[in-house]
Each structure stands twice: as structure tokens, then as C-alpha cells.
Protein chains: 2
Amino acid sequence: MNREQLIGLIGQKKSFLCVGLDSDMDKIPHHLRNTADPVFEFNRQIIDATLPYTVAYKPNLAFYESRGIAGLNSLYKTMDYLESFRDQCFTIADAKRGDIGNTSSQYAKAFFSKHNSGFDFDAITVAPYMGEDSVKPFLEFEGKWAILLALTSNKGAFNFQLSEDGDGEKLFSRVLDTAKNWGNPGNTMFVVGATRAEMLAEVRKIVPDHFLLVPGVGAQGGSLGEVAKYGLNKDCGLLVNASRSIIFASDGTDFAEKAADEARAMQLEMAELL
Amino acid sequence: MNREQLIGLIGQKKSFLCVGLDSDMDKIPHHLRNTADPVFEFNRQIIDATLPYTVAYKPNLAFYESRGIAGLNSLYKTMDYLESFRDQCFTIADAKRGDIGNTSSQYAKAFFSKHNSGFDFDAITVAPYMGEDSVKPFLEFEGKWAILLALTSNKGAFNFQLSEDGDGEKLFSRVLDTAKNWGNPGNTMFVVGATRAEMLAEVRKIVPDHFLLVPGVGAQGGSLGEVAKYGLNKDCGLLVNASRSIIFASDGTDFAEKAADEARAMQLEMAELL
């Protein structure tokens, strides 16, 4: 999905909500656990319930890889299911990959090339630590996106991302400043956590046009209003992710209904903010 | 495998060679391509040929993930095969993972918990950008290791890893200095590329006791003598990786024999250096 299509989708649904499919087998409702593939069944019902309010889905690879081949199969089925709604949602592999050039090329195939791996995500999250040649291979696929970590929502962000160089520039600013030139606003996004919403103003000075993927609203405590205040640009320019607060809103048989309620509430707030 | 066992293995084989299983389907010899699982067959023969000279094997996840479920199955078979040589080699998942705490816990299960995922690697490579809580979950498994990226062997290392903070400290030094306190030399290693061997002296001032995983000797051009000169410590403290220069030494029917020759040559040089 290209930039124009994504912007169109946001306008049409009046939403910039991304639902994180952190589908932890230990947290999905008990009544699903006897189905043939509980995680897929959970995802399918979550997707059906939240699709009207959601512009993107973001499976978190760790929750699938931790179950080995069975987990990967749940993810393949989920992606096949999402394929039926291809023009109705953007898909992000939250995989935090990144390695030397010839290896990143393989990771790009793993997530973008259906022919090679069976996966055909629109985007993948990428760790910037290894620099330009670790990111470029992800930018060579037409209509695909690399979403680089800049400022994450966790406590560990203080260790390195907020450290300052000799000119007083923080590492995450340096990442934005450098990496924005590797691609363009049509193939690159950045992760900026909602738990540091006030820093979005600083981010917007460096990357006024890029889309930002914003985790940390919901279970992690970030505020949607704050994120919109500092982060919105003329094309919206935001994908705000919520995972646990939506998908695990209830652990009963009403889990999909409750997920829809949470997603709808966020979409209504987003419609106001747009 | 714990630190004492690893040191014992190095002493016994007089080698600190790690063979990288970057087993690219497009590069493995033609005569293997009609076998049931060409990549596993390739890996099996490489392992048989190089085991006497090698203390560690490092499958690069990207080369397996790029082939989807089939690729993962090749990796499972390879790891099952290596299990027969459990006390004869250390195993590293070169996966460059790292995410917020609850997600890194899932990645740790994905690579360390046979019960959950089917994998039981001794170690995994981890990207440090997200800080302490992204690394700690990998340190909670008895006898398992996190190998943190510090200074990588690629050109992109210049983008951020070599940038200096207000005190003139480079980012990779800051990573070493900070992360060495998250665990200890019994569960943490660091990646330091052989292409910057002279910086190993600087690295050894910060982490005199830790093991270092050193890529970049071989196809990437680093020198083993230089690495040993600056990097060896009293327990050896090095695992030097070579991938392409060994596993793709020949693309003919003699590939395993040529791989053994390359590995033996490196082992002989290492025996001299120890």
C-alpha cells in the first residue's frame, strides 16, 4: 500500500488506529483454546470486530515465533485472512529486524516477498543501530515500507536513545536526521513512543512529512490527545498503535465485542482530532 | 553451555572458530538441490566436515526466514542435528532481536525454550538500541547468553555506533559500558567487528573479561592476527566468525572438503595464537 492509499484510507475511516496483534497464547480467552488454531481464531475475530475502526494491523512477531512452527502457521493464516481486506488495512510486521546489507536483503524477502517466504506485509519495523546498509534493502521494494525505531516507549529508551552527542543532539534525533535521507516519506516511517508525546514536537521539526508509528497509547499509558497535538501533520502522518488495551479488553466470550468497543472509542476520539 | 564449558572446549580444540551458517539457497552447490531439504543437507555436511576445527555454529536467521516455513524446517533439522554434538559446540542464533520487555521475553522463549518453540540455542544476538529492559529477558535463562551488538563490521557502523557523545565517548563504548552491568561475563557477550580490529584494544579496556563475537574475518576482509593481538584475554575471550569464506569455499561436489580445509587453516592459525 502506497502513501496516497494510506492517506485515503485514514480519510475514509476517520481513523489512524493500528491494532497490535500481540496475540499471547496465555492470554487469549479460554473458550478458544480447544479450537484447531486458537491464535488464528482469536485474530480472525479481533479483525472482524475492529476492521471498521482500524487502518492498520501490526502482528508482533515475537508472540508467533515463541510458539515455533505452530505460531508461524497462525501468523500465515492471519495474513492470508487479512489479504481479503487488502485495500481496507495496512499491515506491519513488528519484527525489529536489521543486519548487514546481504542479510537485511534476506529479511526483506522474508517479510515482503510472498514468492520467497509466503509473507507480503506492507511494512516492517527495523532497528537502526547498524546504519544505512542495514536499512536500505527494505526500501528497495515498490510500495513497501521500513519503519525505523527512533524513540521507543519503554524505559530502556533512556539508556541510549536519549543520550546526547557533542553538539547536544540526542541519538534519536540523529537517527531521524540521518535516516530520513536514506529513503523518503513514501517508503520510510519512524517509531516514536506516545509515552514521550512532548518530544513529538522535536520530531516533527526533523521529519515534518513522514508518517510516525506511535506505540504506547493504552496499556503503556500514553495520551492520544497529546500525541495528536504534537504529532499530526497535514496528511495526518500518524499511526497510533494499541495492542493489549484492545485485544485483551475482555478475556471472556465477549472479547471481540469489547475489543470493538475499545477500537471504536479510539476511532471516535481520532475523528474529532483529525 | 556455560562459560567454563566454552573455555574448556576452546582449550580442547585449540580453536575459537565460529562457523556462520548463512546458508543461502541460491549459493549452495547444484548437486544438492534435488535432495529433500537442500539447505539441511548442505548444513549437515558442513557441520560434519568442520566440527573438529570449530567451537561454535551460528545460523543466520534471515537466510531461513526468507524461505518461510520450509526455511524454518531446515533450521529445525539443523539444530536437531547439532544436538547430537551438544558438548562439542556452542550454538548462536544470529537473529539481532530486541524489543520492549514483555516482547523480548517472547523472543527469549523463541530461541531458548525448546518446550515453547522447539529451539534450544545457547545464545542469541541482540540489538541494544532499546536499552536495558529489551535485553534483560534474555539473561534470565540459566546457561544461556545474550550477545549484544556493540561495533559491527559493516559500513553502516559509522552512522551511529561511532558517533561521540558530549564527553567524547563513542556510542559503542557507551553500549559496552552500560550493558556490561546488566548481566555478567557468564551470560553476556558483545559483537565487535574484525574490520575495526584496532578498536578491540579500546573494547578490552571496558570489558576485559567478556567474550567477544567477532564477525568480519574472511569475506569481509578482517585479519585474524590483528583480532587476536588486541582481543585475546586470559580465557581466550574470542569467538571469531567466518561464514561465506568457509561454507562457500567451493560450489562443487567438494564443497564440504574445501570448507574443512578453510576451517582447518583458521584453526591452525588460532592454535598458534592461543
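This is a predicted model: local features need pLDDT of at least 70, side-chain atom pairs count only at pLDDT 80 or more; totals for chains, interfaces and linings use all residues.
Strands pair if DSSP finds at least two bridges between them. Strands (E, at least two residues) and helices (H or I, at least four residues) are DSSP runs, numbered from the N terminus. Within this pair, A:Ile124 stands opposite A:Ala146 in S5(A).

In chain A, 8 strands close into a barrel in the order S1-S2-S3-S4-S5-S6-S7-S8, with parallel pairing. From one strand to the next, the twist averages 30 degrees. Angles run from 0 to 180 degrees between N-to-C directions, and axes are lines fitted to C-alpha atoms, for helices over the stretch in contact.

## Basis of the model

Local features need pLDDT of at least 70, side-chain atom pairs count only at pLDDT 80 or more, and totals for chains, interfaces and linings use all residues. Residues are numbered from 1 along each chain as its sequence is written, while chains are lettered from A and ligands numbered from 1 in the order in which they are written.

## Helix packing in chain B

Helix H2 (residues 38–50) and helix H4 (residues 68–83) of chain B pack at an angle of about 25 degrees, their axes lying 9 Å apart. H2(B) and H4(B) are therefore roughly parallel to each other, a term for angles under 35 degrees.

From H2(B), the residues B:Val39, B:Phe40, B:Asn43, B:Arg44 and B:Ile47 meet B:Ser74, B:Lys77, B:Thr78, B:Tyr81 and B:Leu82 in H4(B). Residues are in contact if their C-beta atoms, placed from the backbone, lie within 7 Å. This contact has 5 nonpolar, 3 polar and 2 charged residues; Ala, Val, Leu, Ile, Met, Phe, Trp, Tyr, Cys and Pro count as nonpolar, Asp, Glu, Lys and Arg as charged, and the others, Gly among them, as polar.

## The contact between the chains

Chain A and chain B each bring 50 residues to their contact. Among the elements of chain A that give two or more residues to this side are strand S3 (90–97) and helix H8 (171–179), and H5(A) gives the most, with 6 residues. By class, the side of chain A that touches chain B has 17 nonpolar, 21 polar and 12 charged residues.

## Symmetry of the two copies

Chain A is superposed on chain B by a rotation of 180 degrees with 0.0 Å of shift along its axis (RMSD 0.0 Å). The two copies are thus related as by a two-fold rotation axis. The superposition is by least squares on the C-alpha atoms of residues with pLDDT of at least 70 in both copies. The copies meet through the same surface, because 100% of the interface residues of chain A are also interface residues in chain B.

Terms used. Two residues are in contact if their C-beta atoms, placed from the backbone, lie within 7 Å. Angles under 35 degrees count as roughly parallel, over 145 as roughly antiparallel, 65 to 115 as roughly perpendicular and the rest as oblique.
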